[in-house]
Amino acid sequence: MRITCPFCGERDRREFYYQGAAVALERPVADAGEEAWDAYVHLRDNPAGVTKDLWYHESGCSSWIVVTRNTVTHEILDCTLACDTKSEVSI
Amino acid sequence: MRFTGLRVLKEGLTGNRGWAHHWRDPAPKAEYGIVIIGGGGHGLSTAYYLAREYGLTNIAVLEKGYIGGGNVGRNTTIVRANYFLQGNSEFYSHSLKLWEGLEADLNYNVMHSQRGLINLFHSDGQRDAFARRGNAMINQGDDAVLLDREGVRKHLPYLDFDNTRFPIYGGLLHPRGGTARHDAVAWGYARGADQRGVDIIQNCEVTGIDIENGTVKGVQTTRGAIRAKKVGIVVAGRSGQVAAMAGMRLPIESHVLQAFVTEGLKPAIDHVVSFGMGHFYISQSDKGGLVFGGDLDFYASYAQRGNLPMVEHVMEAGMTLMPMIGKAKVLRSWGGIMDMTPDGSPIIDKTGVDGLYLNCGWCYGGFKAVPASGNCFAHLMATGRFHGAAAGFRLDRFRTGRRLLDEEGTGAQHNLH
Ligand SMILES: Cc1cc2nc3c(=O)[nH]c(=O)nc-3n(C[C@H](O)[C@H](O)[C@H](O)COP(=O)(O)OP(=O)(O)OC[C@H]3O[C@@H](n4cnc5c(N)ncnc54)[C@H](O)[C@@H]3O)c2cc1C
Ligand SMILES: [Zn+2]
């Protein structure tokens with residue numbers, strides 16, 4: 001599996017740290033309540049198919065990347081800087 | 001059909017023509033008392049104990065593929081009771097005791113082999129941690145022996161004891177730990193349940209869960225609708241999808257875990273050896289293949305196959321620990337889909353829907369749990385009460401933060417287990 005960093009180009013998967021589902025872009029406000037925080041920290045859609053997750057280019061340029069990926073085929077469909085996609089990602 | 005030594009001898013001498021199918025192949029009925037979704041180890045053992053312990057036999061196990069095609073036939077077969085935390089330790093202790101009586105109970109050879117498990121350590125700090133774990137195991141009533149370097153050498157002379165990065169200081173021996181033949185466990189439970197009247201229905205995928213006024217009414221399947229008074233979800237890596245049919249989101253992310261086997265060799269490795277610092281563990285199957293594996297690939301996946309970086313990592317770790325392994329040729333590698341929870345421990349619980357029960361979150365360690373999981377889940381489904389050995393596996397522990405079962409102590413967060 002190779003991931004295309006918007007800055008560094010196509011790189012080996014080992015250069016990246018996997019953070020998990022891209023929910024991290026939609027952090028609830030501090031007093032959003034137990035349900036919202038439980039959903040954010042623990043509950044996952046966990047789709048078999050297309051998903052969006054967050055990867056960190058740890059051994060490269062240190063950018064956070066939203067990777068759109070197929071969890072069944074491992075095909076990578078899109079890689080966009082997290083700072084550019086923030087508002088589009090839904091939980 | 002009962003298995004006896006005499007029968008095996010007779011069949012051997014007469015061309016093995018007398019053996020029959022181990023379970024029936026019934027068509028699904030329109031209604032059951034209990035439907036179990038998922039014919040893996042946990043689903044089958046649940047059905048078995050429901051029938052054996054509670055006399056409930058109007059049960060169907062619905063399996064979308066074939067019996068043994070999921071993780072129960074893809075794992076590296078390690079069976080142990082060396083957990084540290086209360087909540088986990090009594091459960092795995094219960095499971096190991098069930099394993100020890102399983103072959104007689106099922107009248108089935110599951111090749112349970114208590115060859116001993118050795119967890120290696122490589123520093124003084126790690127020795128202290130293993131001494132503490134060993135004491136916890138002994139307090140739980142199980143067995144543990146702290147070995148020094150020479151003690152390990154007696155058992156495992158072929159290791160590289162003077163590796164510069166991870167010199168071997170010693171190991172924690174768990175003599176009752178070992179392995180079992182994974183698919184025989186599935187077959188044995190399937191046969192045992194079938195003999196008591198449970199319908200094992202293969203090639204039957206559940207596509208919907210019928211709920212009316214907060215009560216489960218049955219399931220939709222690729223072989224038609226089936227009504228049921230109680231439904232248990234026991235689908236391991238597919239838990240997220242099946243729970244979504246009941247409108248639930250689970251604290252689960254599915255990950256791929258790989259394993260490897262070499263060509264058959266003469267007996268070389270007599271124990272299960274676990275090299276935690278290298279994320280590597282190994283045993284030798286009765287056919288002679290070295291069976292080994294490592295850590296998750298570490299990204300959400302349903303592919304049942306992994307990527308090359310983890311293959312390379314596992315091979316490097318093997319070479320680091322036991323350079324002799326370089327002579328063996330790897331025959332196959334494969335992957336299974338692990339239902340990972342944030343704290344790395346399982347869930348056996350009711351749901352918000354009356355009559356709907358949930359058994360999942362076994363992560364990469366659910367094979368050893370097969371007997372106790374089915375035993376405790378059957379107890380919950382039959383009586384509505386939590387079995388004492390599995391009372392800690394509650395779904396709401398993540399929301400409340402109370403009694404999290406984070407065995408590794410890394411934090412109850414998805415990408416840390
Ligand atoms: C490589 C590897 C190594 C492992 N090593 C060990 C080990 O050494 N020791 C250990 O204790 N554990 C180990 N495990 C973990 C262990 O295998 C699993 O935790 C355990 O098998 C999961 O429970 P199960 O047997 O019920 O799962 P499965 O066998 O996966 O059963 C779930 C079943 O549900 C079915 N299903 C899914 N969706 C549906 C649907 N909609 N309708 C009908 N049926 C459905 C699936 O087809 C499947 O057969 C390992 C796992 C892997 C992959
Ligand atoms: Zn980069």
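## A histidine and the helix that follows

At 8% relative accessibility, H122(B) counts as buried (under 20% relative accessible area, with exposed over 50% and partly exposed in between; 1.4 Å probe, protein chains only). The model is predicted: local features need pLDDT of at least 70 and side-chain atom pairs pLDDT 80 or more, while totals for chains, interfaces and linings use all residues. Residues are numbered from 1 along each chain as written, chains are lettered from A and ligands numbered from 1 in written order, and side-chain values use heavy atoms, without hydrogens and water.

H122(B) sits in the loop between strand 4 (117-121) and helix 5 (124-139) of chain B; helices (H or I, at least four residues) and strands (E, at least two) are DSSP runs numbered from the N terminus. A polar atom of the H122(B) side chain lies 3.3 Å from the backbone oxygen of F166(B). Leaving out residues up to four places away in sequence, H122(B) touches F166(B), P167(B), I168(B), Y169(B), F275(B) and M277(B) (heavy atoms within 4.5 Å).

| Class | Residues of helix 5 of chain B |
|---|---|
| Buried | Q126(B), F130(B), G134(B), A136(B), M137(B) |
| Exposed, other side | D128(B), R132(B), N139(B) |

Seen down the axis of helix 5 of chain B, the buried residues fall within an arc of 160°, so they line one face; the arc is taken from the directions from the helix axis to the C-beta atoms. These buried residues pack against strand 4, strand 5 (145-148) and strand 6 (170-174) of chain B. Just after helix 5 of chain B, G141(B) has a positive phi of about 100°.

Note on methods:
A polar contact is a pair of N or O atoms within 3.5 Å; within protein, one must be able to donate a hydrogen and the other to accept it, and residues adjacent in sequence count only if both atoms are side-chain atoms.
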